[in-house]
Amino acid sequence: SRLLRDDPLRAAQILKDTNPSIDEATQRDRSQQLRVALENRGQQILVRYLRGEQNPPTRSDFELCASYFGAALAIVPLNVFDESRMLFCRGRATMFDKNPQSYHQAIQLLQQSIQLDPERAYAYNALGIAYLEQVRTDTRYYDRAAAAFQDAIRFAPQWAYPLHNLALAYSERGDFLAAQQAYLQAMGL
């Protein structure tokens with residue numbers, strides 16, 4: 001119980017290596033408890049990301065988050081909730097490399113996450129960031145970034161973070177009036 005609370009990834013490994021003499025009902029119950037603990041840990045990291053705090057999650061935070069959801073997915077395969085979040089976290093972690101290949105991989109992972117769970121604003125927001133961080137290499141990414149941020153805003157109209165990022169995209173493009181309007185909306189939230 002304490003291990004489940006303190007280190008669900010270690011508990012997952014122990015459960016995997018568990019003695020097969022444990023009855024099936026107990027095994028199922030422990031698996032369910034573990035899956036919930038793993039999902040809760042991953043969700044805590046996502047919530048911190050959604051808050052847009054001054055200390056945003058780091059690459060290692062997103063990698064850990066992906067590990068939590070991946071371990072939960074191993075317990076209940078084909079779980080869209082866990083798989084979409086795992087893909088999001090992997091994609092977001094990959095963006096920290098800041099090179100064309102990592103952005104390409106991140107975009108693929110984020111798009112897969114969106115395909116599985118198309119109403120998650122944070123995945124669209126991350127996709128917009130991946131595009132926005134590449135605009136200096138290809139100006140066509142402005143439109144893609146803006147569209148992704150607008151999708152994020154559509155699914156989470158009270159979340160200031162994608163509005164702020166949309167304002168950044170407008171500002172980078174030189175559309176300062178649109179940037180000002182987006183910033184004012186974000187500040188209002």
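The model is predicted, and local features need pLDDT of at least 70, side-chain atom pairs count only at pLDDT 80 or more, and totals for chains, interfaces and linings use all residues. Residues are numbered from 1 along each chain as its sequence is written, and side-chain values use heavy atoms, with hydrogens and water left out.

The secondary structure of the protein comes to 10 helices and 0 strands. Helices (H or I, at least four residues) and strands (E, at least two) are DSSP runs, numbered from the N terminus. Along the sequence the pattern reads α-α-α-α-α-α-α-α-α-α. Of the 189 residues in the protein, 43% are buried; buried means under 20% relative accessible area, exposed over 50%, and partly exposed in between (1.4 Å probe, protein chains only). Among contacts between residues at least 6 apart in sequence, 56% join residues at least 24 apart, where contact means heavy atoms within 4.5 Å.

Helix H4 (residues 59–75) and helix H5 (residues 80–94) pack at an angle of about 155°, and their axes are 8 Å apart. Axes are lines fitted to C-alpha atoms, for helices over the stretch in contact, and angles run from 0 to 180 degrees between N-to-C directions. H4 and H5 are therefore roughly antiparallel to each other. Angles under 35 degrees count as roughly parallel, over 145 as roughly antiparallel, 65 to 115 as roughly perpendicular and the rest as oblique. The crossing of H4 past H5 is left-handed; a crossing is left-handed if the near helix is turned anticlockwise from the far one by less than a right angle, and right-handed if clockwise. On the H4 side the contact is made by Arg 59, Phe 62, Glu 63, Cys 65, Ala 66, Phe 69, Gly 70, Ala 72 and Leu 73. On the H5 side it is made by Phe 81, Asp 82, Glu 83, Arg 85, Met 86, Phe 88, Cys 89, Arg 90, Arg 92 and Ala 93. The residues of this contact between H4 and H5 comprise 11 nonpolar, 1 polar and 7 charged. In this division Ala, Val, Leu, Ile, Met, Phe, Trp, Tyr, Cys and Pro count as nonpolar, Asp, Glu, Lys and Arg as charged, and the others, Gly among them, as polar.

H5 has 15 residues and reaches 21 Å from its first C-alpha to its last, close to the 21 Å expected at 1.5 Å a residue. The expected span is 1.5 Å times one less than the number of residues in the helix. In H5, 11 of the 15 residues are buried, so H5 is largely enclosed by the rest of the structure. The buried residues of H5 include Asp 82, Ser 84, Leu 87, Gly 91 and Thr 94. Their cover includes helix H3 (24–51), H4, H6 and H7.

Phi of Leu 78 is near 65°, a positive value in a residue other than glycine. Leu 78 is exposed, at 80% relative accessibility. Lys 98, also not a glycine, has a positive phi near 55° and is exposed, with a relative accessible area of 53%.

Leu 38 lies in helix H3 and is buried at 0% relative accessibility. Leu 38 and Asp 82 are 44 residues apart in sequence, with their C-alpha atoms 9.7 Å apart in space. Ala 37, in helix H3, is buried at 16% relative accessibility. The C-alpha atoms of Ala 37 and Tyr 68 are 8.8 Å apart, while the two residues are 31 apart in sequence. In helix H4, Asp 61 is buried with a relative accessible area of 18%. Leaving aside neighbours within four places in sequence, Asp 61 is in contact with Ile 45 and Arg 48.

A further helix pair is formed by H7 (residues 121–132) and H9 (residues 160–173), whose axes come within 10 Å and cross at roughly 20°. H7 and H9 are therefore roughly parallel to each other, and H7 passes H9 in a left-handed crossing. Asn 125, Ile 129 and Leu 132 in H7 meet Tyr 161, Pro 162, Asn 165, Leu 168, Ala 169 and Glu 172 in H9. The contact of H7 with H9 involves 6 nonpolar, 2 polar and 1 charged residues.
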